[in-house]
Structures are given as structure tokens and as C-alpha cells.
Amino acid sequence: MKLKKQVTVCGAAIFCVAVFSLYLMLDRVQHDPTRHQNGGNFPRSQISVLQNRIEQLEQLLEENHEIISHIKDSVLELTANVEGPPALLPYYMSNGSWVVPPEPRPSFFSISPQDCQFALGVRGQKPELQMLTVSEELPFDNVDGGVWKQGFDISYSPHDWDTEDLQVFVVPHSHNDPGWLKTFDKYYTEQTQHILNNMVSKLQEDPRRRFIWAEVSFFAKWWDNINAQKRAAVRRLVGNGQLEIATGGWVMPDEANSHYFALIDQLIEGHQWLEKNLDSDSSTDIFCHMMPFYSYDVPHTCGPDPKICCQFDFKRLPGGRINCPWKVPPRAITETNVAERAGLLLDQYRKKSRLFRSNVLLVPLGDDFRYDKPQEWDAQFFNYQRLFDFLNSKPDLHVQAQFGTLSDYFDALYKRTGVEPGAQPPGFPVLSGDFFSYADREDHYWTGYYTSRPFYKSLDRVLEAHLRGAEILYSLAVAHARRSGVASQYPLSNFALLTEARRTLGLFQHHDAITGTAKEAVVVDYGIRLLRSLVNLKQVIINAAHYLVLGDKKSYRFDPESPFLQMDDTRLNHDALPERTVIQLDSSPRYVVLFNPLEQERLSVVSLLVSSPRVRVLTEEGQPLAVQVSAHWSSATDMVPDVYQVSVPVRLPALGLGVLQLQLGLDGPRTLPSSVRVYLHGRQLSVSRHEAFPLRVIDSGTSDFALSNRYMQVWFSGLTGLLKSIRRVDEEQEQRVGMEFLIYGTRSSKDKSGAYLFLPDGEAKPYVPKDPPVLRITEGPFFSEVVAYYEHVHQVVRLYNLPGVEGLSLDVSSLVDIRDCVNKELALRLHTDIDSQGTFFTDLNGFQVQPRRYRKKLPLQANFYPMPVMACLQDAQSRLTLHTAQALGVSSLHDGQLEVILDRRLMQDDNRGLGQGLKDNKRTCNHFRLLLERRTLGREPGFFSKLAAMFRGLIFHSSRSGHREVQDGPSTSYPSLLSHLTSMYLNTPVLALPVAKRQPPGPALCSFRPLASSLPCDFHLLNLRTLQAEDDSLPSAETALLLHRKGFDCGLEAKNLGFNCTTSQGKVALGSLFRGLDVVFLQPTSLTLLYPLASPSNSTDIYLEPMEIATFRLRLG
């Protein structure tokens, strides 16, 4: 113990000296008078000198980082040997607040300075087109309906193609929604299988015919139902280029609401299926084509005039079921009319080609569920082939027209531009940003579906978290079972449950599923699938956890009839909220296995429901822990009888399992009851009481009150129960962070809000409930919370009294029920003093963060954006981030404000094809974390802020002239490491799995620590996905490891964070990562494992660039 103290003190002293020395060096560099002369416009010689200084500084910083890392490792090694339960025995202060003593373990925040450079914009290609700038420059005037109403003014000369022919590729396609107006199965039975069957026979009739297909979910179902002869024909068609699979994902996913884990997973599932069954070549590219007109249907794809293009959709020939709205029908092509018809079509092709940078033209030929009848195949292919034959036979027309695939088009485009496939052709711009938010006509912005059906958006993310957790635990359990020689005992067949869940999650990423834009019956079908897969994944997790926590693996026995572990919660049906499992306590101890799906060690409060308030909680070694015991409430004033909540802080290993023991009985100093205050605001209600919990009822109090922990004091309105302000403990000044609920209505005109569109009747109005809210304030040693019960929403704001990630943000949840509302949308708005200057930030698919600007020239609804994971506001002093556990729509309509739409109930269709409103609302729980951070720049400059300021001064001084930068340069588009971890805590909660009561006392349980060394804190283990064997239902020996290195902003304060964090400049030693397992094979591959990027290597050391996602095929043994 003495040695440990000496090493710790010595290490700390070296650390302080090293940091202080570097601090002084930076101070000298920053205050060098030559740096400020000429207002920062350096002569070349001084730039050279400064660059040399920076290089020397980098070297010193790197050496310092290594010293700190060595000290950290030494101290951690010493503390690991004496690691017991956290010594968190809280005590009560005279002022009414609880204090939790700090842990004896040291914590580190050791970030390599080079890892801060990425967010400062040191690297990266400058895009020629930034959509934020484009949107600012566009007038959005829409004069009299714009080009959709007035047509495109496109002119050309017939001689424009004299030197280079126009090359036209007509690409037949059929857009098949895996659920929209019909369920997935009904679409397959009634339409999709016929499209694919016809495709095989019709493509074989003429080798010049082409067809592309996208949705592997449908293709795989059809494949399972066709014979070997037809499968062979399909492989031939793919091999000779007549049939092409485009993108090859399980679905064509939504781009607004999907999370990047699910996007990649459905892509892997589709690609793995294609590789196994079609065994064809594959390639990927980011060269893009833009469709310039209103829609992807035939009238809007041949050229600018839909009245003419519709005449070349030969499914609409007279006598058919659909016709042309422009009242001019198509005519079958004959020898007598081919010249006139070909000339009319060529005119459209030529006009369309004038909008592009080359003489290679893409013309899609299809629509939703097209080509389901043989007659349509014949009508389209015969008539177009006659047109092509005529055009190609006239050299003076300078056109070559043919059926093609996307590969045919892009190959020809590369050839024409004279570059190798995959290279950037000269003159083609690089674009950054996105196309949110968009309208298809007038002010009809598609911003409603960012929130539509939030219950299922939330269930999607619950399933995603369970799938990732199940994949990782299953892969580890199978690898350990194989190494121990007991694989035959392990339920390898659980792999089939994983496969089904992958496909369910993939299916729900479809652009009419997670969007909330399908028919009610289809939503039910999706919901049933999601719940079935969720239950199956819990089973996979339970089976893997059972094996991994056994001290003696030889004693493992799998019994499907009598699971060793119970589920943490259950759902009565697909549209019900989860009900947590109640652990029945009696004379014998009960055990609970805790699973931490994070790749970082975490300290979290775990809350369990038990049958008695007299409860003791012990570690696996039998050491008692301090716990907070609370009542379990069914309403604002009613306790649930015989059910209580016990909350315990536990430190769990990365990706690992911990074990708790629960016993009946009181431990005076350690079993700590919560105290409760209930504000009735004059309402005549009786409040449940229990002798175990101090409870005070206040009939008419309205004064404000506060909750506090070691980091902050949080003030609430005594009248509304909603957040008012936050004061950090090291600051005197409060920061306003007010909350209010709002209601949006919809227009009284013909066009109203629906599943897709948000068409409000003006600005939001304050939500006015019938009765004032009942408030319930619970205070205790490990968490305190305020619950405000309104008629349509129950708001819970919880403050954890723990060091680290849990204690640095507010946990906010809103239980929303608007089933009695008519044409209303409920919103939550945050008011702050942050000077955001019209700019806010939202994430794209949880992967990156985009700056947004409020635009007065656009209608209110155009200023909403999707928020799958986070949105934030900032100024020079502060950043406020709203983290979310479900995708919702968000905006900042005024400086310092952030608002999110919680749910929408709309009684009518919005004329976008669905044919229904949104009337199937559920009780929905929206879950958030609110993180307030302080910028280090502009205050007493610290270590990283000096470095950041120096780089900013170097890089951005000259680039700002003449351009309006989006606030504070590129680094503003990256979360801090604390923010990344906060999001992870929110989206990957600890799973608590009680050991089944009926289990007799068996072998000892012990915690499972799968990682021998922790990953750098800017690395996220996206997945550890077991790959399938030849038999689809069984696992192979190989696993896909997906790692993501996150980009982060060092310019936010990072002191007293209370958790361990180090970075490594993107380097990880995979060979020593897994405890008890060897990496016997490692090969870097493309994202979806379709092709290797390098030969298998003996070295298991890898490197990732910031923001890179890397996939490795590996074998653990």
C-alpha cells in the first residue's frame, strides 16, 4: 500500500511538472510579438519559423503524452490489484443535499495534441460546393410555381453533338417498397414475385435488355422460392451484365431517421447474402448522378416536359389501367410513326443532357412496382428497341441509345471524361453537406416525417442497441466456448435468431418504415416483427451471459425450457411500453448479471425493481454496497404496492458483465431511502404513503427549487416543474436553460400536415393544460429527480450524483400521450442565453454533425431538420447539446432556442400517396440527455485551448476574408469526447438480467472482462459480428470487427471529468485487445466484407484516420 502511494505521488509530480513546462512553452509561443504583427499576416520567412516551432512543439507534446501514458499505466496497474467496490458511502449535509465522497481510484484525461488537429480542419479536401452556402445563395422565390408549372427554358443547337455523340442509357427499374400501402409479405405475394419471375424470362429473350434491382430483402425471399434452374439463369443474367443489383442493401433506407449502425448493418446483410448466393463481382463508388426533375417516374425522367415523356411510358397505352394526366396518350411505335416519335423523344433527351457536364445521359424507365405483368415488359422493351434502332441508324442525329444499367452509364461517363473508374473526372465538383430540408412543390416541406410515429422510432433504437449487444456477446461466448472445447454444449443455433434480427432491423430502415409513413396495418406488421426480434435478442444475450459469467465453464448446461437468466423487461405487445422485471426477494440471495455494452469501463447507477424496501446489495465477493431505495409510482400520487426501486452505483468492465447479489434485510448506513415532496397546486388528490420513505405534501407552494450534485445546481419552476437554469459549481452566474411545452396546429386551407408534410398554422402556441401539474420531487444520495405530470406529457428530469459521464448531464424523459388531440403536434422548447447567431447543429445518422442556419426567407417548417442523435447550440463561451435516444425533428427558430417535436396526431392524408392521416398514436417515451459544456477559448487559456488558438490563428485567418464562415471554423462541427460518451451512455444502457429464482445454488458467478486493455476513448467498437457458415443457420469461425474512430473537438473544457480517457493517434493493438483469446487471423476488408483491402498480416497493430470506419475479418482462438 505504501509503495502504491509513493508511485502515485511520484507519478502525479512528474505529470504536473511535464504539463506545467509545456504550458509555459505554449504561453511563450502564443505571446510571441512576431505572431501578432501585421494583424496576423505572416511573411513567408516567419511562417517557416513558426512551422519549425510547431513541429518541435509537437515532438515535445508527443514525448509528454508518452510520459503521461506510462504514469497512467503504472498507477492503473497498481490500483487494479487493490480494486474493490467503489467506496461511495454518501452522507447528508445540513443544507439538505447529499454528498458522495470521491472514489480512491485516479481518473485520467490524456489526449494526444495531434488528435486535436483533425477537428481544427488541418486536413481534408475543400469542397467546391457546400450546401449550406448554396442554400444561402438561392433566392427560393418560387415565382408562380417555378419550373414545375412554367417548364424549363432549355435551348440547344442540333450541331452541339457534331464532335461527340450523345450517348443515352435507358435503365429499366421497378421500385419495390418492403412495406408501405401493403405489408412486405402482401407486396411480395401480389406483385414482387411476379416482377422477378417475369424478369428472368423476359431478359433472356434479348441480350440487349437490361434491368436493375435494389431491395435484397425481396430478392432473398424470392430466391428461397425458385428452383435451381431459375437460380442458374439469374446468375447468368448477372454475369453477362443484363441484371444488376444496385446498392445491394437489405432495403433502400431512409436517410433522415436511420442511425449509421443500422444503415451499415443492412448493407452488410444484403452484401453478404449476394456474395453467398450470386457470387458476382462488386464495386463501390461515390460518383453521383442527380435527377433534375420532379420525380423518378417515367413522365419526369426522359426530359423536362412531362406531357411528352408520359407518351413514352408504354404501360399507359390506351386500354390499360393507367393513363397520362396530360391527356395525350402514348402510341405504339410502328414503321410509319417511328421517325416522328423518335424525333420527339430525342428532343427531350437533348434538352435533359444540357443540364449535365457530359454527353452521357441516364434515363430511368420505371416506377413503383412496375413490370409485374408480361404485357408491360413487352410494351416497354419492344417499343423502345424500335426507337433505339431508328435513332442508332441515323448517323446525322449523333446519338447512340440503348438499354443500360448504372454500371453501363458510369463506365461510359468515366470513358468519356478520360479518367480511370473511381477517379474524380476533371470539371466535376466535390459537394459537401446534405439536401435537408426539402419540398417537392410550393412550401410543402417534408419535415413532418422526422417525428411521425415516434413510438416506433424509439423501438427501432432499442432493437439496434440489443442487436449490437447480442452480436458482441454471442461472438465472445462462441469464441470462448470453442477455445474451452465446449462449443457442442453452447446453443450455436442462436445464430439464426441473430440473422432474423439483423433482417428485421434492416427491413425497418426502409424509407416508409422508420419514417412513420406506412398504412396503419403495415405499421402493426413492422411492430410485431420488431418485438419478436427484440425478444429473440434478449434470449441470445441471456444465453451468452449465462456461459460467460460461470466461474467453471465445464458446468455449463443449456436448457431452453429453464433459462438461467430472466429478461430485464417485457412488453405485453408491440405497441406497449416495457415493464421492468420485479425481483422477488426472500431468505435466499438473488443474483443479477449486469451487461455493459460500451467499449469503455463505465460507472453508472443501475435501478432494479424489488419486492421489499428492506434490501441489501452486495458485490460478487459479498462486500456490501450503498444503495438508494425509492417508491415505485404508477401515477403522480399513487405508489405501486409491494414494488420498490433500488438504485446502486456500479463500475462495469468494458463490453463486460458484472454480478450483484441482493438480500432481504436492512443495512443501516448503506440502505438509504429517498425523500419525496409532492406539490398538488390546489388539486384535491390523496397521496400514497409508506413508512420507509419520508414524504411531504405541499398543497399550494409555487416557489422555485433546486437539485444539485458535485458538478451543478439545477433550478426548476415551482409552478410548472420545468427546468429554468443551471449553475456550474465553479461559477457564480446561472445559465438560463428554460423548458416549455408548445402546440403546433395545422392549416385551415386545403393542404394540411400529414405523415410526410409539416404545414403548421403559424408559430407554436404555449401548451395550456386543463389543470396545473402535480410535481413530485425525489431526492437521494445517488440521484434526484423532478417529475411534472401534465395532461398530455409526464416530464422527468433526473440528476445523477456520481462522478463522470452520468453526473455531468441531465437525464430527461417525456412520456407523451396525445391520443385525444386533433391536428396537434406537441413540441418541447429550450430557452437559453447562448448567442447562437442563427446557427445550430444537428447530426446526420449519428455519424457526423452538420451546421444549420435559420433562414427567414423560408417558411417555418423549412427550418426543421432530422435529429437522430443530437442537436446543439453554441457561442464563444458555451455549448448546449440535446442528446436523443430516438430520431425526432428539431429546429432553432430564434437565437438561443432549440425545439424538438415530440409527437404529432393528424387527422388527414397529405396527398403524398399514403391515403391516411396519423391517428394510431401510442403512449411514447422520448428519452434525452442535456449536456451544458464550457468552451475553454476566451477564458483562462488552458493546455488544449492554447494549442487550438494557435492552430486557428494559423489556419483560418486568411481563409475568412471574403467568406462568411459558419461560426468558429470547422471544429464547431464535432462533439467533444464527453459529448460522444454521453450519447453512448444514453443509447446503450446497462442491461440488468436477474438470475432465475428457481435455479438451485450452483457454480459461482464471476464478472466477465473481455478486454485486456481498454480501447482509446475516441474509438467505438461498432460491431463484432459473427459471419455465417455454409449452413445459413450456423456461425462460421470468422467474425467481422467494425471500428469507428470518432472526430472530436478539444476546445471544450475537460477538467474534473471523473472518467478515464486516453487517445492514441488512431493506433490500436488488436492482438492484445481480447483477454483470454488470440487473434489468429486478421484481414482488413471493405466496409461490408465484399473484398479484401490487403493480404492477411502477422501484425495485429492497426491505424484508423479520424472519422474512419474500418472493417476487419478476424478469427479468435
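Predicted model: local features only at pLDDT ≥ 70, side-chain atom pairs only at ≥ 80, totals over all residues.
## Ground rules

Numbering starts from 1 along each chain as its sequence is written. Local features need pLDDT of at least 70, side-chain atom pairs count only at pLDDT 80 or more, totals for chains, interfaces and linings use all residues, and side-chain values use heavy atoms, leaving out hydrogens and water.

## Spaces inside

Let's start with the holes. There are ten cavities of 30 Å³ or more; a cavity is a set of points on a 1 Å grid over the protein atoms alone where a 1.4 Å probe fits but cannot get out. The largest cavity has about 360 Å³ of space, a volume being the space filled by probe spheres set on the points.

Its lining (residues with an atom within 4 Å of a point) counts 28 residues, with His259, Tyr260, Gly846, Met984 and Lys1046 nearest the centre. Elements giving two or more residues to this lining include helix H9 (260-277) and strand S35 (848-853); helices (H or I, at least four residues) and strands (E, at least two) are DSSP runs.

Leu129, Met290, Leu431, Phe435 and Tyr438 make a nonpolar patch of about 440 Å². Patch residues have over 30% relative accessible area and no salt bridge, and nonpolar side chains are joined within 5 Å. A salt bridge puts a Lys or Arg side-chain nitrogen within 4 Å of an Asp or Glu carboxyl oxygen.

## Two loop residues

Phe435 sits in the loop between strand S10 (431-432) and H14. Phe435 counts as partly exposed because its relative accessibility is 44%, between the limits for buried (under 20%) and exposed (over 50%) with a 1.4 Å probe and protein chains only.

Arg1009 lies in the loop between strand S42 (991-994) and S43, and is partly exposed at 34%.

Note on methods. 1 Å grid on protein atoms, 1.4 Å probe; cavity = no way out; pocket = protein on both sides within 12 Å on 5 of 7 lines; lining within 4 Å. Patch = residues over 30% accessible without salt bridge, like charges linked within 9 Å, V, L, I, M, F, W, Y side chains within 5 Å. Areas by Shrake-Rupley, 256 points an atom, 1.4 Å probe, with all protein chains shown as cover.
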